[in-house]
Amino acid sequence: MKDNFIEIKGLSKHFGDEQILHNINLSIKNGEFITLLGPSGCGKTTLLKILSGFEEPNLGDVYLNGQTITNIPPEDRQVNMVFQNYALFPHMNVFENVAFGLRCQKISKSKIEDKVNRVLSIVKLDKLKWRKPNQLSGGQQQRVAIARAVVNEPLVLLLDEPLSALDYHLRKNMQMELKQLQRKLGITFVFVTHDQEEALSMSDRIAVMHEGCIEQLGTPREIYEEPCSLQVAQFIGQANIFDSKVLEDGERISFEIENKTFTVTNKKQLTAGQNIHIVVRPEDIAVWSLQEMQNTEKTEALPGVVEQVVYKGSTVDLVVRLASGKKIFATEFFNEDDAKLEYDINEKVWVNWIPDWEVILVQI
Ligand code: ATP
């Protein structure tokens with residue numbers, strides 16, 4: 001097997017006058033779980049359809065294990081797709097739905113039975129194999145769709161928002177099951193979602209797409225902690241963004257936020273005068289009460305008032321309005337050191353964060 005199992009080179013696609021994909025280059029390793037993540041309309045499904053052969057690119061090539069597959073029809077690629085709406089045959093039972101693709105090939109009856117039963121046991125549907133789709137829950141139908149896609153032993157499974165129709169709990173369970181299934185099968189998964197939490201929790205790597213381009217490719221941690229652009233920072237999780245300017249450069253840079261000067265390590269070799277965005281995640285924001293502020297001096301803390309308090313069980317989400325009117329989103333966790341997690345609306349508080357935990361992006 002080639003190290004770069006799937007290679008997408010210089011891929012562009014337009015529909016009429018509208019350019020949908022712009023010069024996409026992406027290498028995917030064998031056995032990798034890669035997610036295409038991005039807002040609606042950014043071209044995720046189009047890219048998946050080109051991988052599956054249901055769409056042709058206008059420019060560029062797709063290689064599978066070193067061989068170009070760009071002009072090979074879908075049925076001759078060892079790539080299978082699970083669609084968003086599952087597309088099960090309503091009049092066929094689970095067994096027949098899964099067996100359908102094999103029956104179209106000239107495979108013996110006993111071999112079909114063996115293959116289907118093996119896959120149904122992997123997706124834990126062996127006891128439900130005589131049921132019709134309308135006698136199954138959403139999660140069970142989803143597993144039939146996956147069983148049907150993997151029974152042909154594809155090298156790659158393409159999944160287009162396969163969990164979007166499921167309720168919250170089922171969706172969480174299916175995320176774990178899909179990940180386990182992928183490990184068990186050892187095949188490459190290319191997964192499409194616009195749910196950033198789903199992408200972060202399931203993927204080996206994420207390709208964040210924006211307006212037909214791959215804006216950033218990296219592990220979930222890299223994408224979340226070191227977003228390369230404002231679009232990525234805003235799309236992945238919630239972000240507090242301050243606009244500022246580098247005042248002094250060198251090993252450390254200084255900048256002002258809300259009339260306070262901050263000094264942090266100059267990780268990106270920025271120079272004085274550059275306009276920057278400072279991105280701070282809600283969970284990195286600490287909120288201090290008047291009493292806590294009196295006990296210790298926190299010179300870089302910004303004053304504000306609590307505008308909203310949302311209790312979430314293990315966390316409390318706060319919206320704090322700063323003197324300038326800017327809203328700050330803060331997520332406070334219950335832990336022994338920080339017992340105070342009760343806040344009143346309009347309570348005067350201060351917010352700060354550990355310097356160097358923010359991400360600094362150059363304004364474009
Ligand atoms: P979503 O998350 O909403 O499914 P997506 O990122 O998967 O979005 P695509 O389905 O790839 O986006 O569509 C990208 C753009 O291409 C959209 O503007 C869409 O309207 C357009 N598009 C897709 N298919 C066609 C088509 N066959 N003809 C014309 N335009 C199309």
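## Helix packing and cores

The axes of α2 and α3 come within 10 Å and cross at roughly 130 degrees. Because of that angle, α2 is oblique to α3; angles under 35 degrees count as roughly parallel, over 145 as roughly antiparallel, 65 to 115 as roughly perpendicular, and the rest as oblique. Axes here are lines fitted to C-alpha atoms, for helices over the stretch in contact, and angles run from 0 to 180 degrees between N-to-C directions. Helices (H or I, at least four residues) and strands (E, at least two) are DSSP runs, numbered from the N terminus.

The crossing of α2 with α3 is right-handed, a term used if the near helix is turned clockwise from the far one by less than a right angle, anticlockwise being left-handed. On the α2 side the contact (heavy atoms within 4.5 Å) involves Val94, Phe95, Val98, Ala99, Leu102 and Arg103. The α3 side contributes Ile112, Glu113, Lys115, Val116, Asn117 and Leu120. By class, eight residues of the contact of α2 with α3 are nonpolar, one is polar and three are charged. Ala, Val, Leu, Ile, Met, Phe, Trp, Tyr, Cys and Pro count as nonpolar, Asp, Glu, Lys and Arg as charged, and the others, Gly among them, as polar.

The model is predicted, so local features need pLDDT of at least 70 and side-chain atom pairs count only at pLDDT 80 or more, whereas totals for chains, interfaces and linings use all residues. Residues are numbered from 1 along each chain as its sequence is written, and side-chain values use heavy atoms, with hydrogens and water left out.

| Pair | Angle between axes | Axis separation |
|---|---|---|
| α2 and α3 | roughly 130 degrees | within 10 Å |
| α2 and α4 | roughly 30 degrees | within 8 Å |
| α4 and α5 | about 20 degrees | 11 Å |

α2 and α4 are therefore roughly parallel to each other, and their crossing is right-handed. Val94, Asn97 and Val98 of α2 meet Val144, Ala147 and Arg148 of α4. This contact of α2 with α4 has four nonpolar, one polar and one charged residues.

α4 also packs against α5 at an angle of about 20 degrees, which makes α4 roughly parallel to α5. α4 passes α5 in a right-handed crossing. From α4 the contact draws on Gly138, Gly139, Gln142, Arg143, Ile146 and Val150, and from α5 on Leu170, Met174, Glu177, Leu178, Leu181 and Leu185. Seven of the residues in the contact of α4 with α5 are nonpolar, three polar and two charged.

The largest nonpolar core has 36 residues. Such a core is a set of buried Ala, Val, Leu, Ile, Met, Phe, Trp, Tyr and Cys residues joined through side-chain atoms within 4.5 Å. Buried means under 20% relative accessible area, exposed over 50%, and partly exposed in between (1.4 Å probe, protein chains only). The residues with the most contacts inside this core are Val116, Leu120, Ile146, Leu157, Leu159 and Leu178. At least two core residues are supplied by each of α2 (94-104), α3 (109-122), α4 (138-150), β7 (156-160), α5 (168-185) and β8 (188-193). α4 gives the largest share, six residues. Apart from this core lies another, of 27 residues, among them Leu21, Leu47, Ile69 and Val192.

## Individual residues

Lysine 179 is placed in helix α5 and counts as buried because its relative accessibility is 13%. Leaving out residues up to four places away in sequence, lysine 179 touches Phe33, Met202 and Asp204.

Arginine 281 lies in the loop between β14 (275-280) and β15 (286-289). With a relative accessible area of 6%, arginine 281 is buried. Beyond residues up to four places away in sequence, its contacts include Tyr224, Pro227, Ile236 and Asn240.

Asparagine 65, in the loop between β4 (59-64) and β5 (67-68), has a positive phi near 50 degrees. Asparagine 65 is partly exposed, at 28% relative accessibility. Lysine 124, in the loop between α3 and α4, also has a positive phi, about 55 degrees, although it is not a glycine.

## The whole chain

The protein chain contains nine helices and 20 strands. Buried residues make up 46% of its 364 residues.
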